[in-house]
Amino acid sequence: MNRVLVVHRDRESLHSLEKLLLDRGDYRVSLSESIDDAVEQMADGHPNLVLLCLPLEDLSGREAVAAIRASEPKMQVVVVSSQGGAGETIQVIKAGAFDY
């Protein structure tokens, strides 16, 4: 079973994304509202993918991806954002995001 860790600052959005993933596939979904918590969960649960939703409260997209990759260098990180532009896209890809 594929394990997905969803990181989003908004609890309601987290639960919406969880429902979407559970309805569309055979996924085990973990939820996190912060990068610190996500890093802890990655150590405990070893997800196959991190779905990182931007913006976050306390980190830029680049910093968030870098923190995830520092903890798990081979982790696949997919970034989605309701804000930002080409500059942010370039920064998160350079930091190691798999897709944006």
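The following questions and answers concern a predicted model of a protein chain.

User: What makes H8 count as buried?

Analyst: Buried means under 20% relative accessible area. H8 has 16% relative accessibility, so H8 counts as buried.

User: Where in the chain does H8 lie, and which residues does H8 touch?

Analyst: H8 lies in the loop between β1 (2-7) and α1 (11-24). Leaving aside residues up to four places away in sequence, H8 touches S13, L14, L17, S32, E33 and C53.

User: What makes the pair formed by H8 and D10 a polar contact?

Analyst: A polar contact needs N or O atoms within 3.5 Å. A polar atom of the H8 side chain lies 3.0 Å from the backbone nitrogen of D10, so the distance meets that cut-off.

User: What is in the largest nonpolar core, and which elements supply it?

Analyst: This core has 17 residues, and V7, V50, L52, I68, V77 and V79 have the most contacts inside it. At least two residues each come from β1, α2 (35-45), β3 (49-54), α3 (61-71) and β4 (76-81). A second, separate core of eight residues includes V4, V6, L14 and L51.

User: Which residues does I68 touch?

Analyst: Not counting residues up to four places away in sequence, I68 touches I35, M42, V50, L52, M75 and V77.

User: How do you know whether the radius of gyration agrees with a compact globule?

Analyst: For 100 residues, a compact globule would have a radius of gyration near 13 Å. The protein chain has 12 Å, and therefore agrees.

User: In what order do the helices and strands run?

Analyst: The protein chain has four helices and four strands, running β-α-β-α-β-α-β-α from the N terminus on.

How values were computed. Residues numbered from 1 in each chain as written. Predicted model: local features only at pLDDT ≥ 70, side-chain atom pairs only at ≥ 80, totals over all residues. Heavy atoms only, no water. Buried < 20%, exposed > 50% of the residue type's maximum accessible area, 1.4 Å probe, protein only. Polar contact = N/O pair within 3.5 Å; in protein donor to acceptor, adjacent residues only side chain to side chain. Contact = heavy atoms within 4.5 Å. Core = buried A, V, L, I, M, F, W, Y, C linked by side-chain atoms within 4.5 Å. Rg over C-alpha atoms; globule rule 2.2 N^0.38 Å.
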